[in-house]
Amino acid sequence: MAVTQQLARVSAEYIAACRRSAEESPDGDHHWDPPSEDWLDLDWAPSMPARACELARLDTVRLEALKRATDGDGDIDPGFLNAHPHAIAFFGNSAATALCPDAVVRVSALLEEIDMRAILRSVLDSGTESELGNGFIGDPTEYLLGHFGALRDFYTQAARRAFSSCCGGTDQEASSTNRQQ
């Protein structure tokens with residue numbers, strides 16, 4: 001079972017329709033299935049850019065924006081996405097979270113201000129790359145730049161479209177089964 005961090009960008013109307021579906025369905029089926037171009041799979045990477053920023057002593061405002069980008073917050077209650085048997089967050093105490101469009105705009109702007117290449121250079125220069133976590137060995141630059149760039153681009157597009165972001169962990173095997181049904 002491969003568990004990864006998933007993000008989806010969706011409109012307020014889409015969230016409302018899925019919430020209605022969950023309320024009207026006898027088993028809580030929300031029919032959550034945003035278009036594939038509005039999904040982002042961050043693999044195992046979500047905590048590593050934030051940890052790199054902590055190690056490089058990035059200011060609190062930008063660091064918190066990065067954490068909100070992957071963790072969501074209480075702006076929107078997507079609790080209907082967490083109901084068995086149609087939950088989109090399967091592991092630990094992880095539950096789907098979300099950011100409203102205004103928060104997405106703020107997070108997007110702050111992500112644009114983060115120079116991840118400089119941050120990673122600082123981490124490597126200080127010899128603290130082993131503290132990034134997830135058992136990463138060697139130079140994490142390309143891996144993390146790719147994931148951070150995808151996250152930044154995801155939020156740029158969500159902000160331009162006035163979309164919310166929804167965050168959750170996904171069991172890849174269960175997710176592909178659910179998408180085929």
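Which residues in helix H2 (residues 47–55) are buried? In this predicted model, they are Met48, Pro49, Ala50, Ala52 and Cys53.

## Helix H2 and its cover

The buried residues of H2 are covered by elements that include helix H3 (60–71), helix H5 (116–126) and helix H6 (141–160). As background, an α-helix has 3.6 residues a turn, so residues three or four places apart point the same way.

Arg57 sits in the loop that links H2 to H3. With a relative accessibility of 74%, Arg57 counts as exposed.

His31 also has a positive phi, near 55 degrees, and is a residue other than glycine. You will find His31 in the loop between helix H1 (12–24) and strand E2 (39–41). Is His31 buried or exposed? Its relative accessible area is 52%, so His31 is exposed, the cut-off being over 50%. For context, most residues other than glycine have a negative phi.

The loop between H3 and strand E3 (97–99) holds Asp75. This residue is partly exposed, at 37% relative accessible area.

What does Asp75 touch, leaving aside residues up to four places away in sequence? Its contacts are Arg68, Ala98, Leu99, Cys100 and Ala103.

Note on methods: Residues are numbered from 1 along each chain as its sequence is written. This is a predicted model: local features need pLDDT of at least 70, side-chain atom pairs count only at pLDDT 80 or more; totals for chains, interfaces and linings use all residues. Side-chain values use heavy atoms; hydrogens and water are left out. Buried means under 20% relative accessible area, exposed over 50%, partly exposed in between (1.4 Å probe, protein chains only). Helices (H or I, at least four residues) and strands (E, at least two) are DSSP runs, numbered from the N terminus. Contact means heavy atoms within 4.5 Å.
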